[in-house]
Structure formats: structure tokens, C-alpha cells
Amino acid sequence: MDTNKYIPTVEAIEKASGVLEEILEPTPFQKNQNLSDIYGANIFLKREDLQMVRSYKIRGAYNKIRTIDPALLKNGIVCASAGNHAQGVAFSCNKLQIMGSIFMPTTTPKQKIEQVRMFGREFIEIVLTGDTFDAANSAAIKFAKENDKTFIPPFDDPKVMEGQGTIGREILNQSKVKLDYVFVPIGGGGLASGLGSYFKQMSPETKIIGVEPGGAPCMKEAIKAGKVITYKSGWQVADYGVEAHTAEECIKAVRMMKGNCGVWYSDGVYYIDHSFRVNTKREAMSIGRAHNQISVLCWKTMGLAYC
């Protein structure tokens, strides 16, 4: 596979959907009447917060692990995460009965750690190291190499992107109306890459809007620079610090969606396609709840609605 030009294909995402049927059913796609009335738009929510691990991360994690050669899995897998990806990997280890080492920052809340332990049970060990995601991630990669184990990236991997892209497939299957905009939280970029790729191929008229915090606009800066950048930020999102960088393969995929994807953040608006403008009297939807506070701030600042 030429990852220098790769974006998830419809065929790959369809295949990932088949893999994920082993563990999950499509999450609800619901119109939120209250928000629709308040903002004068038809606003739909894709309820990924109802996943068994409370986020969409299970999709990419399971699809990646399930497609690895079983002979390699015998040595065990490794990941780094401050919560959601870790829970997806832990669930997958338990389901597939493979051993996993999960590296988490020392600043991870106890509740997150306990959730990971609950999902993984006897099939995982938790290693607390470093006070940031990047520090834990570096330690996890080093450990995997030294012990001949397979590292499971949280976003910068074709199979992870394809797994997250199954959300786009579900949305188009569930929606009874044409969608003008889809709003996607951006951290590392795996969700935006997978879902955005599916929409570009199957519903090219739909605009994909990636929303990221004003204190850490990593994707916006990475696209501007044309490469991975490290962004120093003191912002805290949810219970842990935001990613300090966006993933290389995700940046490539998002850049290849030019014309279909814009990157917004709460202190202003940035576009990949500078001709893009928003009409609020349209159909719009968003995914999950992890970035709701940032997203609401963004859209209230602009006089629009997102949740």
C-alpha cells in the first residue's frame, strides 16, 4: 500500500464494517429537536457516546488488531492512550484473548484507569509513565520494539482510519435527508480522515468540518506547514492534555480531501478550501460528545450551532 497517497477507500471501509459486526451494532443517528429549534437548522447527533467503551475509538482499535497476522499477536500488543483508545484496545484484548500492554500518562484520572482495567481484565497490564500522552506514546513504542510486540497506533494507521470511517458509512445508511455538513472533532485526525474519505467518495457534496480547540489547532497548523508539527499547549480537554501533534498519514488524507473539508477552531475559522462558507439553514450533524464544550464554544462564537 502506498501510504504517501493513501486515503481509506469505500471498499476498505465496507470490509472494516464487516469486521466490526463481530462486536458492535450501528449507534443511533438522532435528530436533536431542541438544538434544531434553537439554531434554525436540522441538527442530527451520531451517538458514539453509546458505544460499550463510550467512544468511537473501539472501531479503529478493533479493526486494526483483528487484521493483524495471528502469529504476530501471540507476542502481544502495545498501545498508548489517556483513555478512549486504551479502552478500545483493552476490550479487544479481552475479546480476542491476547495480551496487551497499555501505557498511560501518570496524570490519567483513576476512573479512566479502572475502566481500562475492567474492559481488559486479565489480558492487559497497565503501565503509567510520563506526564503527557507524547511521553507515554514514546515509551510504548520503545517497549514494543524492544520486546518484539505489535504497536497499535491511536490514529496514524490505515486500518485505524478505516475503522473510524465506518461511522461515515453508518451515517449515510441511516440518514433520510441529504446532509450538507458533518462536524467532526479533531485530535490526531483518525476520525476526520476515515469519515471524511468515505463522504468524499460517496457524498462529495457534503462538507466535512473538523473542529479543534483554539489552544491547540494542530491540524490547522500541520496543513499550513505541510507536515507533522509539535504544538505546545497548556489546554486541558476532557480529563487530559490535548495531542501535541496531528498524525502524518491523517494529514495526508485530510489534505487530499481539499474542497470537502474545512478545519475550524474556537477562536476563528480556517479553511482548506477558502471558498467554503456556511449556510446555517441546512442539514447538519455531529458525532459523540467528547468535544462538546469546545464545539459549542466554536459555534456560539460564530453564531452557529454544533453539539
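Predicted model: local features only at pLDDT ≥ 70, side-chain atom pairs only at ≥ 80, totals over all residues.
Tutor: Buried residues make up 56% of its 307 residues, and, of the contacts with a separation of 6 or more, 73% are between residues 24 or more positions apart.

Student: Why is S92 called buried?

Tutor: S92, which lies in helix α5, has a relative accessibility of 0%, and the term buried applies under 20%, so S92 counts as buried. Leaving aside residues up to four places away in sequence, S92 touches I58, A61, Y62, I65 and Q97. The C-alpha atom of S92 is also separated by 9.5 Å from that of F123, which is 31 residues apart from S92 along the chain.

Student: Why is R117 called partly exposed?

Tutor: R117 is placed in helix α6, which spans residues 110-120. Its relative accessibility is 41%, and because buried means under 20% and exposed means over 50%, with partly exposed in between, R117 counts as partly exposed. R117 touches I124 and I126, when residues up to four places away in sequence are not counted, and its C-alpha atom is separated by 8.3 Å from that of Q87, a residue 30 positions apart along the chain.

Student: What makes α5 roughly parallel to α6?

Tutor: The axes of α5 (residues 84-96) and α6 cross at roughly 20 degrees and come within 7 Å. Angles under 35 degrees count as roughly parallel, so α5 is roughly parallel to α6. The crossing in which α5 passes α6 is right-handed. On the α5 side, N84, A86, Q87, A90, F91 and N94 take part, and they meet K112, Q115, V116, F119 and G120 in α6.

Student: Why are α8 and α9 called oblique to each other?

Tutor: For helix α8 (residues 158-174) and helix α9 (residues 190-202), the axes come within 7 Å and cross at roughly 45 degrees. Roughly parallel needs an angle under 35 degrees and roughly perpendicular one of 65 to 115, and α8 and α9 are therefore oblique to each other. Their contact involves residues of α8 including M161, Q164, G165 and I167, and residues of α9 including G190, L191, S193 and G194. Here too the handedness can be given: α8 passes α9 in a right-handed crossing.

Student: How do you know that the buried residues of α7 are on the same side of the helix?

Tutor: The buried residues in α7 are F133, A136, N137, A140 and A144. They cover an arc of only 100 degrees around the axis, which puts them on the same side of α7. Among the elements that cover these buried residues are β3 (77-80), β4 (100-104) and β6 (150-151), whereas the face turned away from the buried side carries the exposed residues K142, K145 and E146.

Student: How do you know that the reach of α7 is close to what is expected?

Tutor: Helix α7 (residues 133-146) has 14 residues, and from its first C-alpha to its last it reaches 20 Å, which is close to the 20 Å expected at 1.5 Å a residue. After α7 comes D148, whose phi is positive, near 55 degrees.

Conventions: Residues numbered from 1 in each chain as written. Heavy atoms only, no water. Helix = DSSP H or I, 4+ residues; strand = E, 2+ residues; numbered from the N terminus. Buried < 20%, exposed > 50% of the residue type's maximum accessible area, 1.4 Å probe, protein only. Contact = heavy atoms within 4.5 Å. Expected span 1.5 Å × (residues − 1). Arc of directions from axis to C-beta. Axes fitted to C-alpha atoms, helices over the stretch in contact; angles between N-to-C directions. Parallel < 35°, antiparallel > 145°, perpendicular 65-115°, else oblique. Left-handed = near helix turned anticlockwise from the far one by under 90°.
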